[in-house]
Amino acid sequence: MAERLVLSGAVLPDGTAADIVIADGRIAQLAAPGTAAGPAEDCTGMAALPGLADAHIHLDKTLWGLPFEAHARGGTVAERIAFERSRRPSLPPVFGRGLALARHVAALGTTQVRSHVDIDTQSGLSGLFDLLRLREAVRDLVDIQIVAFPQSGILRDPGTAELLDAALREGADLVGGLDPSAIDGDAAGHLDIVFGLAERHGKGIDIHLHEPGAAGLGALADIARRTGAAAMQGRVAVSHAFALGHPAAGPAVDALARAGVAIVTNGPPRAVAMPPVAALQAAGVLVAAGSDNIRDLWSPHGNGDMLQRAGMIAYMQGLCAPEELELALALATSHGAALCGSDGGRIAPGGAADMVLVAAGSAAEALVSAPPRRMVIKRGRIIARDGKLES
Ligand SMILES: [Zn+2]
């Protein structure tokens with residue numbers, strides 16, 4: 001199947017215009033505007049960006065597609081876990097809700113997501129099985145990595161470790177974790193299980209860490225140490241990591257950089273400290289961006305638009321200079337792709353032809369304005385036009 005497509009006269013992230021030649025699902029060539037032969041789409045006036053990557057989403061939790069409901073929020077993480085468990089049995093199946101959201105984000109140009117899925121003694125592996133089926137259903141639109149996420153803790157919900165083990169056997173790509181001190185009350189015990197499962201199954205790790213201050217910094221240092229000891233550089237991520245906003249975070253940042261541990265941030269919808277993106281980048285830590293909760297029992301916010309999310313993070317952190325805007329865009333493109341092990345994330349010959357073309361004169365303008373999506377390309381095929389999927 002030698003499918004060829006020319007995106008004629010698109011503006012590349014470096015500001016130059018080019019004909020982007022796609023063949024067999026990959027970017028074959030960048031040619032001078034108007035010079036490439038073959039079936040062409042006129043992309044004059046459009047900025048071509050790498051496909052967007054949402055490095056932290058919960059496809060199983062979303063209420064996307066259902067009537068909006070008022071948000072009932074508990075105070076602590078433990079209270080919110082209890083509230084979700086009380087509502088979960090009455091929600092429609094994960095497959096339909098997740099499918100609605102996956103199709104929505106694909107139409108917005110997201111070509112890769114890392115989705116956590118709740119694994120606990122209430123839902124067992126049912127969410128995982130729905131997400132595995134969903135991954136297959138949308139395989140031509142968006143790639144889905146799945147993290148087996150112990151939303152109710154591990155030690156405080158006996159049986160969860162065994163369920164995580166089964167989830168990794170059944171097809172989850174990574175094992176998750178959650179606030180080792182605050183939720184399980186035994187940071188070492190929690191991390192022993194998470195790292196043990198990852199090593200046994202040869203899978204990566206992505207841990208939710210909301211814990212602020214000293215507890216959070218201690219957990220980050222321990223995660224970095226364990227990552228080095230297990231030779232898991234490049235395969236461990238910490239999501240949220242609010243503790244990195246602490247003034248004494250320097251040693252933890254250095255430890256993460258040395259260990260090759262990545263950070264995923266969503267620009268938290270609360271007045272909490274955030275990982276300082278530019279400082280982490282300067283220290284050599286890979287930082288990617290994700291939506292986290294999208295209209296679910298944890299948050300009424302979120303629309304799945306990763307351009308808007310990256311622009312919001314840039315705004316919140318005062319990233320304004322051209323190279324800073326470039327970094328902010330990378331959080332939702334090349335860095336997310338690198339985190340997920342995708343060969344997309346760049347517009348260069350040889351890369352996967354995952355792209356979104358937007359109504360903007362440059363990548364920087366696209367970041368600050370989150371403009372209309374003109375076209376989304378997944379593995380060389382046009383899958384959406386003007387915000388609507390082709391099928
Ligand atoms: Zn999350």
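This report walks through the predicted model shown above, from the whole chain down to one helix.

## Ground rules

Residues are numbered from 1 along each chain as its sequence is written. The model is predicted, so local features need pLDDT of at least 70 and side-chain atom pairs count only at pLDDT 80 or more, while totals for chains, interfaces and linings use all residues.

## The whole chain

Of the 391 residues, 54% count as buried. Buried means 20 or more other C-beta atoms within 10 Å of a residue's own, exposed means 12 or fewer, and partly exposed is in between, with C-beta atoms placed from the backbone.

## Two domains

The chain splits into domain 1 (4-50 + 347-389) and domain 2 (52-339), with bounds from an automatic or database domain assignment. Their contact takes 18 residues from domain 1 and 22 residues from domain 2; two residues are in contact if their C-beta atoms, placed from the backbone, lie within 7 Å. On the domain 1 side, H12 gives the most, with five residues.

## The nonpolar core

Here's the general idea: in soluble globular proteins, nonpolar side chains tend to be buried together. In this model, the largest nonpolar core has 126 residues, and Ala 48, Ala 148 and Ala 310 have the most contacts inside it. Such a core is a set of buried Ala, Val, Leu, Ile, Met, Phe, Trp, Tyr and Cys residues joined through C-beta atoms within 7 Å. Helix H5 (residues 187-201) gives the most to this core, with seven residues, and each domain supplies at least three residues.

Zoom in on Ala 310: leaving out residues up to four places away in sequence, it touches Ala 289, Ala 328, Leu 329, Leu 331, Ala 332 and Leu 367.

## A look at helix H6

H6 (residues 213-229) has 17 residues. Its buried residues include Leu 217, Leu 220, Ile 223 and Arg 226. Among the elements covering the buried residues of H6 are H5, strand E10 (204-209) and helix H7 (250-259). Just after H6, Ala 231 takes a positive phi of about 50°.

Terms used. Helices (H or I, at least four residues) and strands (E, at least two) are DSSP runs, numbered from the N terminus. The expected span of a helix is 1.5 Å times one less than its number of residues.
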